[in-house]
Amino acid sequence: MSEILSLTRAARLIGVARTELQRKIQRGELVSHDGMVAVENLLVCYPDAQLEDTAESRRVAQIKERAFGKRVFERAMPDAEVLAARITELSKTLATSQGQVKQFNALLGRLWDKITEAESQLNAESLPMMENLKTWIRKEVDLAMEPGFVNPMAIKDTVLSIITAQVTVLPSKHDFLVEGHDSLLEAAMRSGIPLNYGCSGGNCGLCKARVLSGEVKKTRHHDFVISESEKNQGYILLCSNTAVSDVVIEAAVAGSVQDIPFQQISAHVKTMGPINEDMLLLHLQTPRTQRLRFLAGQSVTLRVGQSFSAELPIASCPCDDRNVLFHINRQSGNLFSDFVFDHLKQNDVVEIEGPQGEFILHEKSTRPFYFFAFDTGFAPIKSLIEHALSLEAEAIYLHWFGSGPTNIYLPNIAHAWRDALDNFHYEEHIAGFDLRSVNGKRAKTLIEKLNDINISDTNLLQGDIYIAGPEAAVCVAEQYFLDKGLPKTRISVASVK
Ligand code: FES
């Protein structure tokens, strides 16, 4: 088994969130070197670690499945070839270890002969000392050979390394696990790591990366040609390969919105259905070879019919780049919304352009995430929360303000997150007035509600604040937090019509 584990693997092994281990490291309760932890130190922190999955890890799996749907969270065994390759790798490690044990046994035998030879030349005075040494060696060898305690973590780690493989990305130092039939690219996206890519189908070459160590396996055909010299240097396509063993790769990761290219995609309507009388859920699917690359929280421009267009926030996670969701609000007199509600139907083509916007998650922040959604501001907030869940954020707070009760139009999603995750907190607030028009008395009422939240939650001003919704409400909320002394860098806002 590996003696030193990454935090991702250690968290999986124990069945806790990665952030829990990070907290222990910060408090000095768990020793870590360069982001890695030793199994012995893990056992000190978790002496009761069990072989079986803990209830906690199962619960987190459930929430992710419920939150993202089966389309995103499929857990499956790797295919037979990858499984065979992983077992072969483990067999090699086992054979090496068995060979070493044999050599040590032989060495022990020779050492014993040497001691006996030396003993015959000792004088009577030194004999008791030698006898003591021999007794000690016999005892220690017997102890070492005794089939005693079997570390459950060692067994679990071996099983995990058959089902999953760990990938470390340099120079960013991200790491993630590859499970099931996932390619390296798919596994990274599920873990919320925005690796560079384009088509996801082996055509564009944008996901080209270099394998620095470990073994990968090509599992999908690709048309893009990698030259022999690049192959010799370890270059592969992340969308066409999976990991057989733990691997280290050198690959570009998008760090900001500037790293995401502008795209134009003809998608089609997969499904569309009413959420309530005034809200509609639009599910667009892109062609297999042209997926939408974006960062959680960003928007795109949609074009329908006779070029009716609107800029809309994406209401889904970048981890599923073919299936893109939107929450459409009926606005009478708005040509785009009228067309969508009255004429758009399944399989119609919708042009997507973008992405745009800087309302994205500060992933490296260690502060809790506070999300304030006003009416349809829930759409980009949902995308951010799904992304935060895939990053296993430490604490997530969602406050959803509705002009009226029906403006909190998908409460079941927020309830599901709250019911299944200990670190997710959700509250609904009914404003009682149109949040698109907030001034004078209404602004005062909104500020009072924000103040009530601040009084009841003393951590609020320690967090990163994300606010989305109609511009008027967003401005009032942003000003409230600025007045409370929060720097602008800790407040992200998005105006949603
Ligand atoms: S993403 Fe285009 S070849 Fe991999």
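Which strands does helix α11 lie across, and at what angle does this helix run to β16? The model we are looking at is a predicted one. In it, helix α11, residues 378-390, lies across β16, β17 (396-402), β19 and β20. Its direction is at about 155° to that of β16.

Let me turn to the sheet itself. Five strands form an open sheet, in the order β18-β17-β16-β19-β20, and their pairing is parallel. At the edges are β18 (424-430) and β20 (491-495), each of which pairs on one side only. On average, neighbouring strands of this sheet are turned by 10° against each other, direction ignored.

The largest nonpolar core comprises 97 residues, and the members that touch the most others are V167, L238, F371, A373 and Y466. Helix α11 gives the most to this core, namely seven residues. Another core, of 10 residues, lies apart from it and includes L5, A10, A11 and V16. As for L238, its contacts beyond four places in sequence are S183, L184, L185, L195, Y197, C207, A209 and A251.

V244 is found in the loop between β8 (241-243) and β9 (247-250). Is V244 buried or exposed? V244 counts as buried because 21 other C-beta atoms lie within 10 Å, and the cut-off for burial is 20 or more. Which residues does V244 touch, once those up to four places away in sequence are set aside? They are V82, A85, R86, E89, A165, E215, V216 and K217. For V216, 28 residues apart from V244 along the chain, the separation of the two C-alpha atoms is 5.1 Å.

Finally, the overall division of the chain. The domain assignment gives domain 1 (4-68), domain 2 (80-155), domain 3 (164-253), domain 4 (258-356) and domain 5 (369-495). Between the C-alpha centres of domain 2 and domain 4 the distance is 65 Å. Thank you for your attention.

Terms used
Residues numbered from 1 in each chain as written. Predicted model: local features only at pLDDT ≥ 70, side-chain atom pairs only at ≥ 80, totals over all residues. Domains from an automatic or database assignment. Helix = DSSP H or I, 4+ residues; strand = E, 2+ residues; numbered from the N terminus. Buried ≥ 20, exposed ≤ 12 C-beta atoms within 10 Å, placed from the backbone. Contact = placed C-beta atoms within 7 Å. Pairing = 2+ DSSP bridges. Axes fitted to C-alpha atoms, helices over the stretch in contact; angles between N-to-C directions. Core = buried A, V, L, I, M, F, W, Y, C linked by C-beta atoms within 7 Å.
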